[in-house]
Amino acid sequence: MKRSFKDDFSLMAMLLIPIGVAINIVGFQLTNVLRLPIFLDTIGTILVGVIAGPWVALLAGLITNLINAIFNPVYLPYALTSMAIGVGAGLLSKFGFFKNVPKTIISGIVITLIAVVVSAPITVLVFGGATGNTSSLITATFLASGQELWTAVFSSSFIVEIADKVVSVLIVFFIVKGMSDRYLSKLKYGHLYMKRRSRP
């Protein structure tokens with residue numbers, strides 16, 4: 001039976017959104033406190049995408065950036081990146097890309113490419129190539145070595161994002177692995193990750 005867009009937003013899926021947003025914000029604050037060179041601010045969005053689908057994850061990503069933008073307006077334009085990551089995670093999950101560690105790592109690479117393609121133009125066009133985070137230092141290094149601005153931003157974004165997204169998807173993989181079949185059965189893609197498959 002084909003599910004409609006409205007069906008994706010079941011009560012369980014809607015209840016998962018604030019949990020995903022909270023995970024994003026906690027992950028981001030943790031990396032700030034520990035001064036880690038990654039963000040961990042999309043773990044919740046990816047988690048929502050993996051078990052509840054792309055459109056629910058899109059909303060979780062949007063809400064996360066709207067909240068972060070209250071404290072730092074720089075994050076507002078990057079809501080597009082978070083939304084794209086949510087959709088990407090949901091679609092990858094639909095095709096079974098979070099079922100084991102190798103496929104999950106491939107998912108991390110694909111999500112990295114999505115993040116770079118969406119965020120790098122925002123960094124250049126909205127912020128002139130620098131936002132003051134870790135990737136800005138790497139961008140400055142590339143510029144000093146003679147690279148063009150666009151190339152430098154894309155390169156630095158990829159270096160920062162690849163580490164962040166691979167770590168994030170692996171965390172999501174182990175979170176989903178630890179979820180009960182009872183809970184998973186109530187979410188759109190949950191059946192893909194149940195330990196005991198129900199009969200068709």
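Student: Which residues line the second largest pocket?
Tutor: A pocket is an open set of points on a 1 Å grid over the protein atoms alone, where a 1.4 Å probe fits, with protein on both sides within 12 Å along at least five of seven lines; lining residues have an atom within 4 Å of a point. In the second largest pocket, those residues are Val50, Phe98, Lys99, Phe173, Val176, Lys177, Leu192, Tyr193, Met194 and Lys195.

Student: Before we go on, what pLDDT do local features need in this model?
Tutor: Residues are numbered from 1 along each chain as its sequence is written, and side-chain values use heavy atoms, with hydrogens and water left out. This is a predicted model, where totals for chains, interfaces and linings use all residues, side-chain atom pairs count only at pLDDT 80 or more, and local features need pLDDT of at least 70.

Student: Back to the second largest pocket: which helix gives the largest share of its lining?
Tutor: Helices here are DSSP runs (H or I, at least four residues), numbered from the N terminus. Phe173 and Val176 are among the lining residues, and helix H8 spans residues 149–177. The largest share of this lining, three residues, comes from H8.

Student: How much space lies in the largest pocket?
Tutor: A volume is the space filled by probe spheres set on the grid points, which are joined across faces, edges and corners. For the second largest pocket that comes to about 170 Å³. For the largest pocket it is about 610 Å³.

Student: Which residues lie nearest the centre of the largest pocket?
Tutor: Its lining holds 35 residues. Nearest the centre are Phe39, Asp41, Tyr75, Thr131 and Asn133.

Student: And which helix gives the most to that lining?
Tutor: With six residues, the most comes from H8.

Student: Is Thr31 buried or exposed?
Tutor: You will find Thr31 in helix H2, which runs over residues 11–34. Buried means under 20% relative accessible area, exposed over 50%, and partly exposed in between (1.4 Å probe, protein chains only). The relative accessible area of Thr31 is 3%, so Thr31 is buried.

Student: Which residues does Thr31 touch, leaving aside those up to four places away in sequence?
Tutor: A contact means heavy atoms within 4.5 Å. Asp41 is 10 residues from Thr31 along the chain, and their C-alpha atoms are separated by 8.9 Å. The residues that Thr31 touches are Leu36, Ile38, Phe39 and Leu40.

Student: Why is the pair of Phe28 and Tyr75 called edge-to-face?
Tutor: The structure holds four aromatic pairs, in which ring centres of Phe, Tyr or Trp (its six-membered ring) lie within 6.5 Å; planes under 30 degrees apart are stacked, over 60 edge-to-face and the rest tilted. For Phe28 and Tyr75 the centres are 5.2 Å apart, and the pair is edge-to-face because the planes stand at 80°.

Student: How many residues apart are Phe28 and Tyr75?
Tutor: Phe28 belongs to helix H2, whereas Tyr75 is in the loop between helix H4 (54–71) and H5. Phe28 counts as buried, at 7% relative accessibility. The pair links distant parts of the chain, at a separation of 47 residues.

Student: What kind of pair do Trp150 and Phe154 form?
Tutor: Both lie in helix H8, four residues apart, about one turn of the helix. Trp150 counts as partly exposed at 39% relative accessibility, and Phe154 also counts as partly exposed, at 30%. Their ring centres are 6.2 Å apart and their planes are at 25°, so the pair is stacked.

Student: What is the phi of Arg35 near?
Tutor: Most residues other than glycine have a negative phi. Arg35 sits in the loop between H2 and helix H3 (43–52), and is exposed, with a relative accessible area of 74%. Its phi is a positive value, near 55°.

Student: Is Leu40 buried or exposed?
Tutor: Leu40 is found in the loop between H2 and H3, and its phi is a positive value near 55°. At a relative accessible area of 10%, Leu40 is buried.

Student: How far apart are the end C-alpha atoms of residues 75–93?
Tutor: Over residues 38–63, which are 77% helix, the end C-alpha atoms are 20 Å apart. Residues 75–93 are 79% helix, and there the end C-alpha atoms lie apart by 26 Å.

Terms used: Helices (H or I, at least four residues) and strands (E, at least two) are DSSP runs, numbered from the N terminus.
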